[in-house]
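Please look over the model shown here together with its sequence.

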Amino acid sequence: MAKPLSLAFIGGGINSAIGMTHKIASQMDGHFQLAAGCFSRDEVLNRKTGLAWGIDENKIYQDALTLLEREHSQLDAVVILTPTPAHHDILLACLEYPLPIICEKAMVSSVTEAEEIQQRVDQTNSSLYVTFNYTGYPMVRELRQRLLSGALGRIQQVMVEMPQEGFSRCRSDGSIALPQTWRRTDHSIPTVSLDLGVHAHQLVEFLTDKRALDVYAVNSHFARVPDVVDTVNIVSRYTDDVVCNYWYGKAALGYRNGLRIRVFGTQGSTEWLQMEPEYLRMADIHGNVSIIDRTAADNTIANQERYCRFKAGHPAGFIEAFANYYCDLAAALRGEKNEYAVGSDVALEGLAFLEQANKSALAQQKIVF
């Protein structure tokens, strides 16, 4: 095992939704160590996080710019885990240093911001990766390999669902659990698309290697959180006449995170559900249905040693999939060939798609790219 790469976190305090996940995932396979951080603007919470995670007190910074100035030469990468609206300014500050960046999705809040970041990345020849962690599931990678090798014949339809209930579910006393303030404001891209839509879009391109040609979208407000889009339905025609359907949102009672992928081709179909991550459901042209698990003999990706931390029958989960993605980031940072680490150019493409989808919803008409 190579020496662990040194990381600093900006954001991701122990009160955040994603900080602990990044900490565990980055360290699970020994590729990274967390060496410094500015975890929260709250001084008490910032220090509490750093000490709980074993960070030297001298490496716990109250100011992100000071962290970058003092630590950049000692780090192999910095991880951005603040709320999405804060990413733009922090990314620009990080790009002042020759330091690779790992950024929690969505990269930024708008195409304008993304284009500015991408221009700066190109000018400085920097490395900026975005954590599209759902591609880390072994069976999602297995599905990609099978699709690209023609296992279903010509791909005709793709359906991606990501329903959640967070904006509809009430507490036991009937009160509404409001999300963070920044999640209650929409701009050129609805916040629900920055949360969920970026994943759905990237999964379609990851699995099919196709690109969107047009988009027709419907934005809806069904839930109890006022003044924001909480549900998006999209139909989009991709290259090679592939038709994609998206449904994602936070007003689907009974669904914690119902990520589901279905692909239909001329020779068969397949389905993957995040709640049953170890399995692919496959159907052939005769209607025969089979279930393939992570260690199936004819797998070419999912049964690799790196994905089998423990034997089949003991399912790998969300954080382990995230750790798979961090393994890919480590490989990319070490200059090794890697097809899975996603850069800022892919993130920009996704934001452009979602901004056009929002324009379609507002205009109530299809938009051709």
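In this predicted model, D240 is placed in the loop between β8 and β9, and its phi is positive, at about 65°, although D240 is not a glycine. Most residues other than glycine have a negative phi, and most peptide bonds are trans.

**Backbone geometry in loops**

- D209, which is found in the loop between α7 and β7, likewise has a positive phi, near 60°, in a residue other than glycine.
- The peptide bond that leads from K105 to A106 is cis, with omega near -15°, and A106 has its place in the loop between β4 and α5 (111-124).

**The nine-stranded sheet**

- Nine strands make up an open sheet of mixed pairing, and their order is β13-β12-β11-β10-β6-β9-β8-β7-β14.
- The edges are taken by β13 (289-293) and β14 (367-368), each of which has a single partner strand, so one side of each is left without a neighbour in the sheet.
- Strands of a sheet pair through backbone hydrogen bonds, either parallel or antiparallel.
- Strand β6 (residues 155-163) runs antiparallel to strand β10 (residues 260-265), and six bridges join the two.
- Within this pairing, E161 stands opposite R260 in β10, while I155 has G265 of β10 as its bridge partner.
- With β9, by contrast, β6 pairs in the parallel sense over seven bridges, and here the bridge partner of P163 is G249 in β9.

**Helices that pack on this sheet**

- Helix α6 (residues 138-148) lies across β6, β10, β11 (268-273), β12 (279-284) and β13, and it runs at about 25° to β12.
- Helix α9 (residues 344-363) also packs on the sheet, where it touches β7 (214-220), β8 (231-238), β9 (242-249) and β14, and its direction makes about 65° with that of β7.

**The five-stranded sheet**

- A further open sheet is formed by five strands in the order β2-β1-β3-β4-β5, and its pairing is parallel.
- At its edges stand β2 and β5 (128-131), each with a single partner strand, so one side of each is left without a neighbour in the sheet.
- From one strand to the next, the twist averages 25°.
- Strand β3 (residues 77-81) pairs with strand β4 (residues 101-104) in the parallel sense over three bridges, and I80 stands opposite C103 in β4.

**Packing of α6 with α7**

- Two packed helices are described by the angle between their axes and the distance between the axes.
- For α6 and helix α7 (residues 191-208), the packing angle is about 50° and the axes are 7 Å apart; the two helices are therefore oblique to each other.
- On the α6 side the contact is made by V140, R141, L143, R144, L147 and L148, and on the α7 side by L203, F206, L207 and T208.
- Sorted by class, the residues in the contact of α6 with α7 are seven nonpolar, one polar and two charged.

**Packing of α1 with α8**

- The axes of helix α1 (residues 19-27) and helix α8 (residues 318-333) come within 8 Å and cross at roughly 60°, which makes α1 oblique to α8.
- The crossing of α1 and α8 is right-handed.
- T21, H22, I24, A25 and S26 of α1 meet F318, I319, F322, A323 and Y326 of α8, and by class this contact of α1 with α8 has seven nonpolar, three polar and no charged residues.

- M28 has its place in the loop between α1 and β2 (32-38).
- When residues up to four places away in sequence are not counted, M28 touches R309, I319, E320 and A323.
- Although M28 and A323 are 295 residues apart along the chain, their C-alpha atoms are separated by 6.4 Å.

Definitions and conventions
Residues are numbered from 1 along each chain as its sequence is written. This is a predicted model: local features need pLDDT of at least 70, side-chain atom pairs count only at pLDDT 80 or more; totals for chains, interfaces and linings use all residues. Side-chain values use heavy atoms; hydrogens and water are left out. Axes are lines fitted to C-alpha atoms, for helices over the stretch in contact, and angles run from 0 to 180 degrees between N-to-C directions. Helices (H or I, at least four residues) and strands (E, at least two) are DSSP runs, numbered from the N terminus. Angles under 35 degrees count as roughly parallel, over 145 as roughly antiparallel, 65 to 115 as roughly perpendicular and the rest as oblique. A crossing is left-handed if the near helix is turned anticlockwise from the far one by less than a right angle, and right-handed if clockwise. Contact means heavy atoms within 4.5 Å. Ala, Val, Leu, Ile, Met, Phe, Trp, Tyr, Cys and Pro count as nonpolar, Asp, Glu, Lys and Arg as charged, and the others, Gly among them, as polar. Two strands pair if DSSP finds at least two bridges between them.
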